[in-house]
Amino acid sequence: MEKALIIGASGGIGRALVAALRARGAAVTALSRSGDGLDVTDEASVAAALGGLEGPYDLILVATGALEIDGAAPEKSLRQVSAQAMMDQFALNCVGPSLVLKHAVRLLPRDRRAVFAALSARVGSIGDNRFGGWYGYRSAKAALNQMIHTAAIELARTHRESICVALHPGTVATPFTEKYLGRHPAVAPDEAAGHLLKVIDGLGAQDTGDFFDWKGERVPW
């Protein structure tokens, strides 16, 4: 990959991805809310940020997201579900990456391999849901997976070598997860970035529209 765009570059995984790509010699454009004022939930902000860029990019990766928004912790039961918390989850974890994808299509090459990826989460898998809870976050990530799958079908008509995927990075030790790690093993952001790039390197056009974990294994919808 010679040229990459990372959205959410100030977060733990995003920052590590930028560093790993630059270490490879790639030219990386790094955008974030804290560094550039990019609000992925605001289409005008997304259009302005991406409208000033010149492609084509070999990789566009959206690493934005949050598990807890405005103090609303993941729900443990239906009694804790609230309309506002669910809308906030959908805005950031589904609508945001969807708006980036909408405005990023023009930055993808039509004549060669290119990857658009968004960080999803295994808990967004309906087929893999065995524990329940976390209603808003699970639902938003499931909706993101549907957006990625649907967009991949459309992109394949105009960008035949494009690859549009959802990626589960595993449990990563960042401020995003620190309150919820418990006994779950977690990896450092730089290790997670290495895993994700290895998966991306191995993807082909036949993989577009799918959902992969950090080991390169397909996650059930």
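A crossing of two helices is right-handed if the near helix is turned clockwise from the far one by less than a right angle. Keep that in mind for the first stop in this predicted model.

**The helix pair.** Select H4 and H5: their crossing is right-handed. The two helices pack at an angle of about 20°, with their axes 8 Å apart. Angles under 35 degrees count as roughly parallel, so H4 is roughly parallel to H5. To see where they meet, show side chains including Phe90, Asn93 and Pro97 in H4, and Tyr137, Ala140 and Leu144 in H5.

**The largest nonpolar core.** Next, select Leu5, Ile7, Leu50, Ile60, Val100, Phe116 and Cys164, which touch the most other members of this 33-residue core. Then colour the elements that each supply at least two of its residues: strands E1 (3-7), E3 (59-62), E4 (114-119) and E5 (162-168), and helices H3 (43-51), H4 (83-104) and H5 (135-158). H4 gives the most, with six residues.

Centre on Ile7. Beyond four places away in sequence, Ile7 touches residues including Leu31, Leu38, Val40, Leu50 and Val100. A second, separate core has 28 residues, among them Val165, Val172, Ala192 and Leu203.

**Ser32.** Finally, go to the loop between strand E2 (27-31) and helix H2 (33-36), where Ser32 is found. Is Ser32 buried or exposed? Its relative accessible area is 7%, so Ser32 is buried. The side chain of Ser32 reaches the backbone nitrogen of Gly35 at 2.9 Å. Leaving aside neighbours within four places in sequence, Ser32 is also in contact with Gly8, Ala9, Ser10, Gly37 and Leu38.

Notes. Residues numbered from 1 in each chain as written. Predicted model: local features only at pLDDT ≥ 70, side-chain atom pairs only at ≥ 80, totals over all residues. Heavy atoms only, no water. Core = buried A, V, L, I, M, F, W, Y, C linked by side-chain atoms within 4.5 Å. Buried < 20%, exposed > 50% of the residue type's maximum accessible area, 1.4 Å probe, protein only. Helix = DSSP H or I, 4+ residues; strand = E, 2+ residues; numbered from the N terminus. Contact = heavy atoms within 4.5 Å. Polar contact = N/O pair within 3.5 Å; in protein donor to acceptor, adjacent residues only side chain to side chain. Axes fitted to C-alpha atoms, helices over the stretch in contact; angles between N-to-C directions. Parallel < 35°, antiparallel > 145°, perpendicular 65-115°, else oblique.
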